[in-house]
Amino acid sequence: MNSIIDNNSNNIRNEIFLENEFTTSEIKKYIHDFDRILLIVEQTSTEKYDEEVIDLRTTSVYDIIYQNTIFPKIMITPLKFFYLSKHGILTTEMFDILIIRLDEIKKEFSSIFKHFYYLKIRDCILNGIPNITRPLVVRSFLRKINYLDPIYLHSKINNSNVSNNKPSIKLYILESNVDENVLKYIELKKIFESAIKKETHPQKIFKFVEIIKNISFLEKISYKLSMDLLNNGHNLDNVDVNKIKENKYIEDPKYLTIGNQNDNNTDNILNNNKNTEENNILAINERKYQKLKDILKDNSKLDFYISTTNKFVVEILSKTYKNIFYLDEKVSNINFENSILVFYEYINIEMAAKPFKEIFVFNRADAPLKKFIEIKYLRNSCINKESDEDLNNNLMSNDKKLELFNYLKSIEPELYIPPTSAYVSLDSAFLILTNFFYLLKNVFDDNFLFIRNLSIQSKYESQPSGFVCIIILPRIHNHFIFSNIHISKVYPTKKESQKDAALNILQSLYDEKLINDYLLPITTRFINENFVYFDLVKKIYRIDISNDILDLRNKLNEIREESFQLFSKDPIMKPEMFSLAFKKKYSINLEINNSSERTCDISTFHQLQPKCLSFYPSIYFLYVFNEGSESDDDVGICCGESFIESVNFKGIEIKFLKSVRFSSEDLFYLIFYQIAIFSLYFKKTTTSSEITKDYCYYYVPIKNGSVNMNFIYNFSRNFLRKNVYECELLNLKEEIFFNPFSGFFYTFKNFCNFSIHSKKNFTSLDKYESLDDKSISFYKYFQQKYDIKLKNDPEDMKLLFDGTLYSLKGETSVINTLSSELVRNTGIKKSEFFKFQKFKKYFYAFESVSLAFELKNKLGICINSQLMSQCLSLRSSSFGNRGVEYDYERLEFLGDSVLKFIVSKHLLLVANENLKYIVTKKDSFISNDHLFEIAKKLSIPYYFSFIPYCDKLFQAPNIFMYLKDCGNPEYTNKLFELLKIFKTESIFQNNDQSFYLNRLLNKKNANEKEIGKFILSKKTCADILEAIIGAHFIEFGIKRASDFIYKINIIEPLHNLPEKNSLIEEMCLYKEILKEYEIENVEKILNYKFKNKGLIEKALIHPSSYSNVLGSIHFNKLELLGDCILDLCITRKIFNENKNLDPSGLHSLRKSFVNNYSLARALFKSKLVWHTHTHFSKDDLHQISLGLIKDGNKVNKMFGDLFEAVCGAIAIDMNIDFDIFETYFNKNFYDVLNVCVDSSR
């Protein structure tokens, strides 16, 4: 094993070179010396090598594989190397040398090389078999060398182009012990600041403030410089403030003494300032600065290049030491043999590869050595410690062995095919799968099947411990793999779950012999033996031919030739365009397979039946429906007790009128009316043996706020009393007629021109089948068919009339000649049809509102029934544009923001843990899985109108439930007789709705528009719950919405809330890093006076700031809260001001407000940015502000975070009272943010 990992071993022939001006000529030498060469370069490389080297960078992977374009000397990109080596097309045996010329070795490339170089020998390596050598030589030329590159590339770093002598690397470990001098400095600084507060002279205050700025600047380099400024001088006027401000400070100016060093508070100050992070930093900075001065003194004849983020260290020391320079990438003309590189901070570490004489590195004792290790491996040198105690030179050797072992062990799932070295790890599975479909598309193209959208779909379901990925393959083969749904195991991230599902698919494809040992599609399986291929090709080219591949191919070649001849007649089209035009003409899009909706982790719910529609009561509740303007002649419904408030459901006004008690006679006529109307206008969809719902209600006419019983009485008494012959001519065309013998309904067109004795062929009359002449008169035909006596007057032209058949859809075009005496008048007007059609829609609305009312009562919540029904319904095009604001998605848009805010507030109040815990906990509380379980416990999905309105959902009342308990046999017999006349008994006892739903649920490949959303996903259930939260917020405000969230246990109630929250207290603690005058300036901008100045102090100092001594935890928590409360304020504002905007429009509008770019604009426009502390200079900020003028530009996320952190600070200072914050926000922030909106987002 030592022969493999020991950099000093002669057995390693592979080398890594730092790229320089001689690299191209070096590579050309290798090309000349070796016969078989694999050269890997960047896609953008423009270097020219040798004509013998075939450049395959622009050649497709498909052509390389299937047209055998692998030559002895080739040049490819890392991506092509990935695909070709994973498929086993490229192996080490094919080449004598591998030349790698890249900017740097990235993680993805190291994974490829692992497979390509190590895979066949890894078992030997892991078992410790020594002296393994490779016939393949590897030469790597890199612009940047990372410390693990020798491990990944099994190479040693060649220093010949760096330096002949090994430069030493010395590491200085900086301890953070705080001495009394540090505490003394803090004491003097506080005394000085207290003196400023007592000073009243404006000019002196100004000068004092300038001094404070300068000492704050100097302490970042050396607190002793600041201490000298405070302790040694006698006259403020003698201090050159501008000189210090311009960073031209000389070490011996006149200084200022102020205050009494024997102040009584000295002991307190000393005790309060021990072991704080700020003091540690001051001590470390001082030790580093003094150590740098010592190094400069000891090596005064050499040049020093300082790698640091603080240029002023160099500027201050350059006044004493003339040979010190600031190091950046632009530095040139360095005399390396006479120069020392000092890493004051870890930046520009690639410069460690340059041949400096010596390298010095500073590292905190409590900081990791990762960056130092990178520098060490670049130079491979010794290590020294500040105490001059040598570290073990073999420190990293064991680490290297362990790193290599873990690197080769490959404990992840994999598909490995030894004979060819085709190999797929979990990490690369999804890329290989997508490449497989790219190759398959080309196979189909070569065989005349041109598919535009041959790709896979990935969907995700969240689980309590992570995510599950569902991959759906395009149905391009009759094998079950392409119709099954492929589901991964649970993984922490979506990407990992996607890779797992992809690996399983590749394994299945290989096991089923659909891909070969190189993981390439087997052409015969996808062409010759694929029925789907034959079916698609026949359909596209409109040919009818056997499934013989040769016959099919010949036919397709003929079609192509005919097409080419046709193209050649077009003067504009050139011959090279023929193939593309042919492909475009016959290309297709595959249908998307949506069957994953059935196999994901989802639940299917049938909507409950409202209790008010499940029985016939003794006292009925009467409701009237209105769509638009009120009328004296409306329709309504009578049923059991339900809501009594007026509700507008998707533009339909449902109004409770009164409770009604009917007499037995009233009920008889009501049922008579139901039988007549439903027999005419309602037809069952199918028959079902299982009845799960019995609807109990009456469809009634309404006049002047009551059931129009006079109309029902007259209708029932006159029903079928008159025939067409007896009716007045004026009413004939407005009414509907019924043939009691055939059971058909008709409308009147006009009286017929035929006499009752006119003859006509009646082929359907059985009695005349034996006669040669079947032409008989209308008179004889009607009398013998119906066995009835008719008038016999040949001159009376009213005895026959032309009528059109009338169905549940209205009039038809079928005209029949009918007997006026046979066909009876129903008394039903044609206009009644339109009322009944509307009633079907009204019934859907009434059922939805009734269910919402029942759920509201069940949960014990007080929002009105209209909002509740909105939470439980879908948008439906059947209700027109007025339905925009009546669906749950608008309320969910609001409720989602409310929930995030309440949960974030809750966690900040009860959890003292770190930010990661809070974010993880928050995500679990608001996850679809958690909300789905809550909704399921509350039975909410069963009350949801999850199918958009359609006629097939309408169900007639089951009048048999009433007739069974009627108690009046006479009435019951009459009604049964009427049912027999109409032949419609099954209409009133068949459960069409239930059968229709079951049919949809079990229907394969059901049309999405037909199905609607009959399956509820977890997300839909979660959205409904969030909609109910949003409804509470609309009607009652944040307090009641919060109470509801706690009531249903989305989060645990705040029973045992601690009196003091250490996290909040620490946030509020003022550290005096920002001075009071700075905070006062910010308060003027914000138009807000902070009770806890520590909050705004922590909000304005970004973690990336060089002056940050607070860390990131407080800032991040302020930003988290600010993000939630700002989001809720914007959400409510745009929700209230855009009532006709659909959810998609609301989301887009909110996104234009709440994005990094808009918030950055607001930060700059309000001038808050000039009071923030970041790693940007004022010049940088000015340049950034210019870039914010135009929409659509990119901006650092930091500025959005700062704005949100300020909002969070204000919110906590207001005790996280949303109502108070919202009032403040609308008054002070909204207008600023409104003009800063980036509409391009």
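In the predicted model, helix α42 (residues 1113-1137) packs against helix α43 (residues 1143-1153), the two axes lying 10 Å apart at an angle of about 135°. This angle makes α42 oblique to α43. The crossing of the two helices, α42 and α43, is right-handed. On the α42 side, the contact is formed by D1127, I1130, T1131, I1134 and F1135, which meet L1146, L1149, R1150 and F1153 of α43. Classified by residue type, the contact of α42 with α43 comprises 6 nonpolar, 1 polar and 2 charged residues.

Helix α42 also packs against helix α30 (residues 888-910), and here the axes come within 9 Å and cross at roughly 155°. The arrangement of α30 relative to α42 is therefore roughly antiparallel, an angle over 145° being the criterion for that class. In contrast to the right-handed crossing of α42 and α43, α30 passes α42 in a left-handed crossing. The residues contributed by α30 are R890, L891, F893, L894, S897, V898, K900, F901, S904 and L908. Their counterparts in α42 are K1117, L1121, C1124, I1125, D1127, L1128, T1131, R1132, I1134 and F1135. By class, 12 nonpolar, 3 polar and 5 charged residues make up the contact of α30 with α42.

The buried residues of α44 are Y1157, S1158, L1159, A1160, R1161, A1162, L1163 and F1164. These buried positions pack against α42 and α43, and likewise against α45 (1178-1187), α46 (1197-1213) and α48 (1230-1235).

Two loop positions were examined individually. H477 is placed in the loop between β17 (466-472) and β18 (485-487). With a relative accessibility of 5%, H477 counts as buried, since the limit for this class is under 20%. Apart from residues up to four places away in sequence, H477 touches F482, L514, R525, F526, N530 and V532. One of these partners, F526, is 49 residues from H477 along the chain, and the C-alpha atoms of H477 and F526 are separated by 6.8 Å.

G705 occupies the loop between β24 (698-703) and β25 (706-707). Whereas H477 is buried, G705 is partly exposed, with a relative accessible area of 31%. When its neighbours within four places in sequence are set aside, G705 is in contact with L622, L657 and K658. For G705 and K658, which are 47 residues apart along the chain, the separation of the C-alpha atoms is 8.5 Å.

With regard to cysteines, the structure holds 0 disulfides. C727 is buried, with a relative accessible area of 10%. C1236 is likewise buried, its relative accessible area being 3%.

Technical notes
Residues numbered from 1 in each chain as written. Predicted model: local features only at pLDDT ≥ 70, side-chain atom pairs only at ≥ 80, totals over all residues. Heavy atoms only, no water. Axes fitted to C-alpha atoms, helices over the stretch in contact; angles between N-to-C directions. Helix = DSSP H or I, 4+ residues; strand = E, 2+ residues; numbered from the N terminus. Parallel < 35°, antiparallel > 145°, perpendicular 65-115°, else oblique. Left-handed = near helix turned anticlockwise from the far one by under 90°. Contact = heavy atoms within 4.5 Å. Nonpolar A, V, L, I, M, F, W, Y, C, P; charged D, E, K, R; others polar. Disulfide = S-S within 2.5 Å. Buried < 20%, exposed > 50% of the residue type's maximum accessible area, 1.4 Å probe, protein only.
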